[in-house]
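Here's a quick tour of one side chain and one ligand site. Have the structure open while you read.

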Amino acid sequence: MTMTIALPSKGRMKEDASAILERAGLKVLAIGNERSYRGRVEGRDDIEIAYLSASEIAREIGNGTVDFGVTGEDLVREDLVDVDKRVEFCARLGFGHADVVVAVPEIWLDVDSMADLGDVAAEFRARHGRRLAIATKYWRLTQQFFSRQHGIQLYRIVESLGATEGAPAAGQADIIVDITSTGSTLAANHLKILTDGVILRSQACFIRARKPEHEGDAVVADIVSRLTSAL
Ligand SMILES: Nc1ncnc2c1ncn2[C@@H]1O[C@H](COP(=O)(O)OP(=O)(O)OP(=O)(O)O)[C@@H](O)[C@H]1O
Ligand SMILES: O=P(O)(O)OC[C@H]1O[C@H](OP(=O)(O)OP(=O)(O)O)[C@H](O)[C@@H]1O
């Protein structure tokens, strides 16, 4: 059967994703010009390449329109319900590292842990007349972490699509959930990560859509074994 592998068409994972396929013996070639959104693999008529953005890859794997993909674990876990039923994480690829974290203003001297934050959330309405506001684009991960893992229910999520770290200083939210790699954006915005505030340690992954027709398919087995042995 012909299998489609989705690769990032732009952004920080693009080059490393193609390089890892090449190391696995799957050399990606463009079809047409540089702006084309399809590619092929040298010597393999049974594999197609689809170029999509990192977050589209998570979604397309979720609905099964592509068979394999390279994208960040954070995007997959944020975008998909029942992720482990729908997606197999075949390999962690060793690039694209970023932590999804809970960060609060540095001046909150008494708040270092999620338990401390739970106390703040509980008192917040009485003190300020409204719920604790969290700026994030990671709705699902935030709700799972706060409500299910830490039993914190009194908060409100403020959707942030960019410059999330600036939201507390701008008065749009009290705290944030966002990704960090070097930590410099958090520091520049006078935010600190809670001691147990790492929600997910993310990196680029090679993932597969769990589909019944993949069972016993030789191309699927070949792709998975090449990728896992290339690392
Ligand atoms: N410093 C960082 N900032 C943002 N994302 C990072 C960082 N380091 C690694 N990543 C990871 O990169 C992935 C997002 O990649 P990128 O920002 O290149 O995508 P994109 O092209 O903007 O995609 P989309 O437009 O779909 O969001 C995420 O999985 C994220 O965890
Ligand atoms: O911990 P650091 O190394 O400072 O990195 C974290 C920052 O990098 C990313 O933003 P970026 O400027 O790359 O833009 P993006 O959100 O559009 O990807 C991310 O959204 C954080 O704001």
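In this predicted model, a polar atom of the K192 side chain lies 2.9 Å from the backbone oxygen of W108. The K192 side chain also has a polar atom 3.0 Å from the backbone oxygen of V111. K192 itself belongs to strand β11, which covers residues 191-202. Leaving aside residues up to four places away in sequence, K192 touches V102, A103, V104, P105, E106, W108, L109, V111 and D112.

Where does ligand 2 sit? You'll find ligand 2 in the largest pocket. Around ligand 2 are R12, E165, D178, I179, T180, S181, T182, G183, S184 and T185. Sorted by class, that shell comes out as six polar, three charged and one nonpolar residue. Two elements, β10 (175-180) and α7 (184-188), each supply at least two of the shell residues, and β10 gives the most, with three.

| Residue | Distance to an oxygen atom of ligand 2 |
|---|---|
| R12 | 2.5 Å |
| T180 | 2.9 Å |
| T185 | 2.5 Å |

How much of ligand 2 does the protein bury? On its own, ligand 2 exposes 490 Å², and the protein buries 57% of that.

If you're setting up a closer look at the site, two of the residues in the table tie back to the shell list: R12 and T185 are both among the residues around ligand 2.

Notes:
Residues numbered from 1 in each chain as written. Chains lettered and ligands numbered in written order. Predicted model: local features only at pLDDT ≥ 70, side-chain atom pairs only at ≥ 80, totals over all residues. Heavy atoms only, no water. Near = heavy atom within 4 Å. Polar contact = N/O pair within 3.5 Å; in protein donor to acceptor, adjacent residues only side chain to side chain. Areas by Shrake-Rupley, 256 points an atom, 1.4 Å probe, with all protein chains shown as cover. 1 Å grid on protein atoms, 1.4 Å probe; cavity = no way out; pocket = protein on both sides within 12 Å on 5 of 7 lines; lining within 4 Å. Sits in = over half its atoms within 2 Å of the grid points. Helix = DSSP H or I, 4+ residues; strand = E, 2+ residues; numbered from the N terminus. Nonpolar A, V, L, I, M, F, W, Y, C, P; charged D, E, K, R; others polar. Contact = heavy atoms within 4.5 Å.
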